[in-house]
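Please open the model in your viewer and keep the selection panel at hand. The stops below are given in the order of the tour.

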Amino acid sequence: MELRLMKEHIQMEQPAPPVRSRAAVEGEMALPGGLREETRVMYTHASAVIDHAEASQNRVKVAGKVTFHTLYTQGDPEKISAVEASADFTHMVDAPGVTPKAICVASVEGVKAQSQAQGGRLHLQAAVDLAVRATSAQPVEAVTGLRGGSEIQAAARESTIQRTVATGGSEVLLREEFDLPAALQVKETLFATAAATVGEITGGLGREGISGQVNLEAVHASALPGQPLVTTRHEMPFRQVFDLLGENGDALSGEVTVKDVAVMSAENADGTNTLRAEVLLSLTGRADRTEKITLLEDAYTTLGEDLKLTSAQVPCRVGCHQVQTAESGKALLMLPEGAPPSRTGLCAFASVDGIQAECSTGRTTITGKLHTTVMYLTDGQAAPVSAKVETPFRQVFAAEVGPEDDVHLDVQDAEVSTITSDRLEMRYVMRLQASGTHRETLKLVTDAQPVDAPVPPAGIILYYTQPGESRWDIAKRYRVPMERLQELNPELTGEPAQGQGVVVWRRATGDQRA
């Protein structure tokens, strides 16, 4: 038997399941002022940005930076000050099966921070939760067809894959000024946080445009009696267009990351205050192409030697998705034992940890822990007090999130009020951003070789279909052409049912028509 293999190098992306890891980051800085021994830390916020991720054998090196903002009092317990510091980090993630040629992307799923003042210095710590995705983009060789005599029966199937054909990115610095209400009596802006959402993605012919909005929350020191801290919220729209390097695709996607936030307030000549904000955004985009490929599914012969196929199971990307949504929620905060009683709630800062997602049709329920720092006033005191509270949460989102998705939750617009001396209520908006890859495992035939095989007996057989068997399986079992099987069973317009009788007629060996 003459056998010729038709082989192709198929361009496909082979994504591995995401690997999650926690990086411990530490920093230190000298505190200003002359009364360092009287420093009292109120709250520490941290945000992390990934600079790059690099693959090696079975490992991925992630490099980035953590920016800390700490609220504290020093000397005067009624005066809240703020200080900013940053720390670069490198973290090695164990990723079995990853090779040096893999394309790696790391994302931040959450950050927890704490700090301690000692000896005139501020010691900072952050736990950064990372999700690392590795993708092999190397061509895969597969057998797509066979050539030989008429005795060869081959079955092919069509599959759909998706791959990235162009990428690009840009940075944009947003600058905005906002009037601060005179009633807030802002003395100084302490720090701000920002979260970006993508609104629309447009483009084509090697260009991509991303527009969206940045939600900015600024914390200010105030001269209001009984309200030493106030929070203002602002919106900053953005739009940026950048080049994509590569080929034209049929679907565009993009992401926006907040890299840095700088704010300050200034008093105007008329006594009003203006907030000046700068937000540095990093935008990345890509063009994907969806392609149909034809693969050899199975093969056998009707005469002489049979075929032995060698195959491999290869995971490949067939699609991707992104989710952005938000829901409001509330939490009951129980002050820890020994904390001063609450009289007036000032503000709250919350982050999430230990999240678990459970998805049903069109909805996702996420559970986890809320780590909240609540700031309040106690009886007979003008100096603010802070307390850390940990409480479980359950939030339902009108979106579907997969078990392997990268999930990021932001708690924004938090408002806190005192219920009793040891209980406060926090209302908030929880914003969900998730992205993921749709994977399928394809069976790729990599080789085919002739092998000796017994010839099934000739004659007419009535075969009763076993569970899961197809017409192809029956024809291959008796090594008869598929066309012959269909001619003998014209009622088989689809696959046979379990237990259905199928007529098989195999001619004598000397008959070259089998």
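Select T465, which sits in the loop between β23 (459–464) and α1 (471–478); helices (H or I, at least four residues) and strands (E, at least two) are DSSP runs, numbered from the N terminus. The model is predicted: local features need pLDDT of at least 70 and side-chain atom pairs pLDDT 80 or more, while totals for chains, interfaces and linings use all residues. Residues are numbered from 1 along each chain as its sequence is written, and side-chain values use heavy atoms, without hydrogens and water.

Is T465 buried or exposed? T465 is buried because its relative accessible area is 3% (buried is under 20%, exposed over 50%, partly exposed in between; 1.4 Å probe, protein chains only). Display next its contacts (heavy atoms within 4.5 Å): leaving aside residues up to four places away in sequence, T465 touches I474, P496, A497, Q498, G499, Q500 and V502.

A pocket is an open set of points on a 1 Å grid over the protein atoms alone, where a 1.4 Å probe fits, with protein on both sides within 12 Å along at least five of seven lines; lining residues have an atom within 4 Å of a point. Among its 19 lining residues, R20, E109, I355, Q356 and V407 lie nearest the centre. Colour β18 (344–360), which gives the most to this lining, with six residues.

Finish at I419, in strand β21 (residues 406–420). I419 counts as partly exposed because its relative accessibility is 48%.
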